[in-house]
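Reader: I'm new to this one. Could you walk me through it?

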Amino acid sequence: MKRNFEDVSDTVLLEEVKRRFDQKNSTLEEMEFLTKKLYVLNEKLKEHDSIKGEFLSLIKNVFNNPLSSLLNLSSMMRKNEDSPKTQTMKLLLDMELRKLDFQLNNIFTAAEIEAGEIANYWSEIDLRLIIEEAKEAFAYLIEEKELHFSSDIELDRLIVSDAKKLHTIFANLISNACEYSFPTHNVRISARIEDDHLLISIANTGDVIIKDPNKELFSRFKKVGVHASKARTSIDGLGLGLSIVNALVESLDGEVTYSSNENLTQFNLCLKLQDTSKAEALMSESANEFMFDDTQEMKEF
C-alpha cells in the first residue's frame, strides 16, 4: 500500500534520514579502507618491480660479463694454428658459446619486455654491419647446412635506430631462417628505404612454419606448425624468438608480418625512419657504439 508523504511523522522521517546518513558514512569508511589498502599494495608492487629490475640487471652482469670474455677468448683461440683435433675442439667451444649467448640474450630480453624496460636508445648505425654481426653468430649453422646467404641492402647512408634491438631482431630472424632452411638452399636479406620507412625482408626456402599467418605465430612460448620439421637438425628452441621480434619491432615504431608459399618463408619488417636529431651515439666500424663522456671525448663501448 502506498504511503502518503503527509502521513509520515517528523520522527520517522528523521530516523530514515539518519539511517541513510549512517549507511552512506559506512560506505565511505569502507571505500577509504579499500583505497588505503590499494595504496599499500601499489607501493609494494612498485617495490617488487624495483627489486625485479635490480635482480635482472645483476643476473645479466653475472652471465654476460664472463660469457663475453669467453667468446673473445674463443675467437682469439680460433685464429691460432693448432693440431686438427685441437682446432675442432676450439670450433666446438666457439659454437656452443654462441648458442648459449643467443639463448641467454633472448631470455634477458623477454624478461626486460615483461618488466616494461624497452626504452629506445637511438644512435646512427650502419645496417650492413648489424646484419653481418648477427649473421656471424650463426656462421657454424650456415657452414653445417651449406646455405647460400645473400644480402641486397639498398642504403647509401646511416640510419637512426636502436642498434642492440636491431641486432636481437636480426639474430632471431636469421636463426629461424637458417634452422628451417633445407641444406644447400638460399637465405636472402633485402632492405630499402621507401618514403619515410625502412623495409626489410628475410626469406628462406625450407619448412614453412605455418601456411596461414595469424597472431599466434608471434605469441610467447607458442610453437606453431614446427613439430614435423624436415629441415631442423637441432633441438627445439624456447619459443621466445618471434614474440621478442614482434615486441622490439613495435617499440621501434614498426610492424612485422609473415608470408609463405609452398616452400618459401618470408618475414617483412616495416620500420619508421627516425630523425637524425634523435641520435645519441655513433656506431663504430665494429658495430659498437661511440658515446660522448663528460669531457666531450668519444669512447667506444
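Here is a short chat about helices and rings.

Author: This is a predicted model, where local features need pLDDT of at least 70, side-chain atom pairs count only at pLDDT 80 or more, and totals for chains, interfaces and linings use all residues. Residues are numbered from 1 along each chain as its sequence is written, and side-chain values use heavy atoms, with hydrogens and water left out.

Reader: How many of the eleven residues of helix α6 are buried?

Author: Buried means under 20% relative accessible area (1.4 Å probe, protein chains only). Helices here are DSSP runs of H or I with at least four residues, and strands are E runs of at least two, numbered from the N terminus. Helix α6 (residues 241-251) is largely enclosed by the rest of the structure, because the buried count is ten.

Reader: At what angle do α2 and α5 pack?

Author: Axes are lines fitted to C-alpha atoms, for helices over the stretch in contact (heavy atoms within 4.5 Å), and angles run from 0 to 180 degrees between N-to-C directions. The axes of α2 and α5 are 11 Å apart, and the angle is about 125°.

Reader: Which residue forms an aromatic pair with F102?

Author: Rings of Phe, Tyr and Trp (its six-membered ring) pair if their centres lie within 6.5 Å; planes under 30 degrees apart are stacked, over 60 edge-to-face, the rest tilted. F102's pair is edge-to-face, at 5.2 Å centre to centre with 85° between the planes. F102 lies in helix α2 and its partner in the loop between α3 (127-136) and α4 (139-144), so the pair ties together parts 36 residues apart in sequence. That partner is F138.

Definitions and conventions
Buried < 20%, exposed > 50% of the residue type's maximum accessible area, 1.4 Å probe, protein only.
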